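Subject: Structure for you to look at

Hello,

Here is the structure I promised to pass on. Please open it alongside this message, and my notes on it follow below.

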Amino acid sequence: MKRRISPNLMSHETQCRCGCGYGSKPSDFDPKLLDTFEKIRFLLNMKLGKKNVPVLVSGPARCLKHNREVYMRLYETTAGADGSKHCPDRWGKCRSLDIYQNAVRNKQFHDWILAWQEEGLLPHLGGLGEYHNRVHIDTHWIGRLRRWHG
Ligand SMILES: [Zn+2]
Ligand SMILES: [Zn+2]
């Protein structure tokens with residue numbers, strides 16, 4: 001069953017790929033993450049002078065078990081896996097998505113998100129990771145924006 005997670009996110013995009021069901025309902029997510037996602041989509045469309053350029057998800061919510069499998073495949077270790085913001089926090093909330101779009105280069109997308117954060121337009125963005133084909137966003141705030149390039 002497909003559920004709407006937020007105005008422009010559906011459960012088949014956001015749920016854990018192992019089939020466990022985590023991430024298939026709005027309450028699995030930090031509301032600030034969903035708000036940040038929707039703002040990024042809105043700001044991207046504003047920037048492009050368009051209305052319906054989609055922002056897509058390549059890194060959804062992950063249960064701990066599946067996250068360890070993902071880490072093993074990507075990094076050949078489970079070290080650090082359990083701290084992933086894609087996994088449930090102590091309240092069961094996923095705080096991260098990896099996102100992409102097909103309108104501009106990924107670096108441009110990343111740089112715009114950074115600029116919007118600096119302008120105060122994304123007040124809940126806590127972490128911003130740039131990868132070659134996607135951008136990681138999360139809401140874990142430590143008093144400054146955490147940034148990295150993967
Ligand atoms: Zn799972
Ligand atoms: Zn991520």
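**What I found**

Leaving aside residues up to four places away in sequence, Leu33 touches Cys94, Arg95, Ser96, Leu97 and Thr139. Please keep in mind throughout that this is a predicted model.

Leu33 also belongs to the largest nonpolar core, which has 24 residues; Leu33, Leu34, Phe37, Leu97 and Ile99 are those with the most contacts inside it. At least two residues of this core come from each of helix H2 (31-48), strand E4 (96-100), helix H4 (106-118) and strand E6 (135-138). H2 gives the most, with five residues. As general background, nonpolar side chains tend to be buried together in soluble globular proteins.

**The helices**

H2 first. Its 18 residues should span 26 Å at 1.5 Å a residue, and its end C-alpha atoms are 26 Å apart, which agrees. The buried residues of H2 are Leu33, Leu34, Thr36, Phe37, Ile40, Arg41 and Leu44. Seen down the helix axis, these buried residues fall within an arc of 160 degrees, so they line one face of H2. What do the buried residues of H2 pack against? Their partners are strand E1 (4-6), strand E2 (9-10), E4, H4 and E6. After H2 comes Gly49, with a positive phi near 70 degrees.

H4 has 13 residues and reaches 18 Å from its first C-alpha to its last, close to the 18 Å expected at 1.5 Å a residue. Phe109, His110, Ile113 and Gln117 are its buried residues. They cover an arc of only 100 degrees around the axis, which puts them on the same side of H4. The face turned away from that buried side carries the exposed residues Lys107, Gln108 and Glu118. On the buried side, H4 packs against H2, strand E5 (127-130) and E6. Just after H4, Gly120 takes a positive phi of about 85 degrees.

Helix H3 (residues 64-75) has 12 residues, which should span 16 Å at 1.5 Å a residue; the end C-alpha atoms are 16 Å apart, in agreement. Phi of Glu76 is near 60 degrees, a positive value in a residue other than glycine. Is Glu76 buried or exposed? Glu76 counts as exposed, because it has 8 C-beta neighbours inside 10 Å and the cut-off for exposed is 12 or fewer.

**The sheet**

Five strands make an open sheet in the order E3-E4-E6-E5-E7, with mixed pairing. Strand E3 (56-59) and E7 stand at the edges with a single partner strand each, so one side of each is left without a neighbour in the sheet. On average, neighbouring strands are turned by 25 degrees against each other, direction ignored.

Taking the pairs in turn:

- E3 and E4 run antiparallel and are joined by three bridges. The bridge partner of Val57 in E4 is Ile99.
- E4 and E6 also run antiparallel, joined by four bridges. Here the bridge partner of Ile99 in E6 is Val135.
- E5 and E6 pair in the antiparallel sense over four bridges and form a hairpin with four residues between them. Gly129 has His136 as its bridge partner in E6.

**Arg146**

One more residue to look at is Arg146, which sits in strand E7 (residues 146-149). With 15 other C-beta atoms within 10 Å, Arg146 is partly exposed. Arg146 touches Gly126 and Gly127, again not counting residues up to four places away in sequence. The C-alpha atoms of Arg146 and Val57 are separated by 20 Å, and the two residues are 89 residues apart along the chain.

Best wishes

How values were computed: Residues numbered from 1 in each chain as written. Chains lettered and ligands numbered in written order. Predicted model: local features only at pLDDT ≥ 70, side-chain atom pairs only at ≥ 80, totals over all residues. Buried ≥ 20, exposed ≤ 12 C-beta atoms within 10 Å, placed from the backbone. Contact = placed C-beta atoms within 7 Å. Core = buried A, V, L, I, M, F, W, Y, C linked by C-beta atoms within 7 Å. Expected span 1.5 Å × (residues − 1). Arc of directions from axis to C-beta. Pairing = 2+ DSSP bridges. Axes fitted to C-alpha atoms, helices over the stretch in contact; angles between N-to-C directions.
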